Amino acid sequence: MVAGLFLRSFQASQHVDVGFDTSNIVVATFDMELAGHDATQGAMFWQRLLERINANPDVQVASLAHKLPISSRSQWAVADSGVETSDGERHGFLLSFRVVSTDYFATLGFHIVRGRGLSAEDVAGTPRVIVINETMAER
């Protein structure tokens, strides 16, 4: 009975609207630490892998992300600095984030509405970049 419920839940999950087109998307995960690589070796591996994938003429776009879009989130608690509401309380919010490569939004079919997306110049040692959704921008 449990297997039947699991199978039914799995089948239903295949039809959930996740907010982007999941057809023709391939996902692979690698654990660099488990493979015995340090952070520098891991970063070099990811860069070479992305270059090789993008060199394939059958690939339209490829990107990297530390978490999948619908997986558990990495979050920061953020307080609105100096902003008080009508009830006199300060309110904050949770900020979910992903560490991604430059073509992440193109891979998912998302379009930047205002500002800019990520570029190859956004690397360690340069000012950090953040891309937010419209809901966050309206806050």
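The side chains of aspartate 122 and arginine 116 meet in a salt bridge, with a distance of 3.0 Å from N to O. A salt bridge is a side-chain nitrogen of Lys or Arg within 4 Å of a carboxyl oxygen of Asp or Glu. The structure holds one salt bridge.

This is a predicted model, in which local features need pLDDT of at least 70 and side-chain atom pairs count only at pLDDT 80 or more, while totals for chains, interfaces and linings use all residues. Residues are numbered from 1 along each chain as its sequence is written, and side-chain values use heavy atoms, with hydrogens and water left out.

The table lists relative accessible areas; buried means under 20%, exposed over 50%, and partly exposed in between (1.4 Å probe, protein chains only).

| Residue | Relative accessible area | Class |
|---|---|---|
| Aspartate 122 | 26% | partly exposed |
| Arginine 116 | 46% | partly exposed |
| Leucine 68 | 42% | partly exposed |

Leucine 68 lies in the loop between α2 (39-55) and β1 (74-79). Together with Ile25 and Val27, Leu68 forms a nonpolar patch on the surface, with about 230 Å² of accessible area. Such patches are made of residues with over 30% relative accessible area and no salt bridge, nonpolar side chains (Val, Leu, Ile, Met, Phe, Trp, Tyr) being joined within 5 Å and like charges within 9 Å. Accessible areas come from the Shrake-Rupley method with a 1.4 Å probe; for residues, only the protein chains shown count as cover.

The protein has four helices and two strands, in the order α-α-β-β-α-α along the sequence. Helices (H or I, at least four residues) and strands (E, at least two) are DSSP runs, numbered from the N terminus. Of the 139 residues, 9% are buried.
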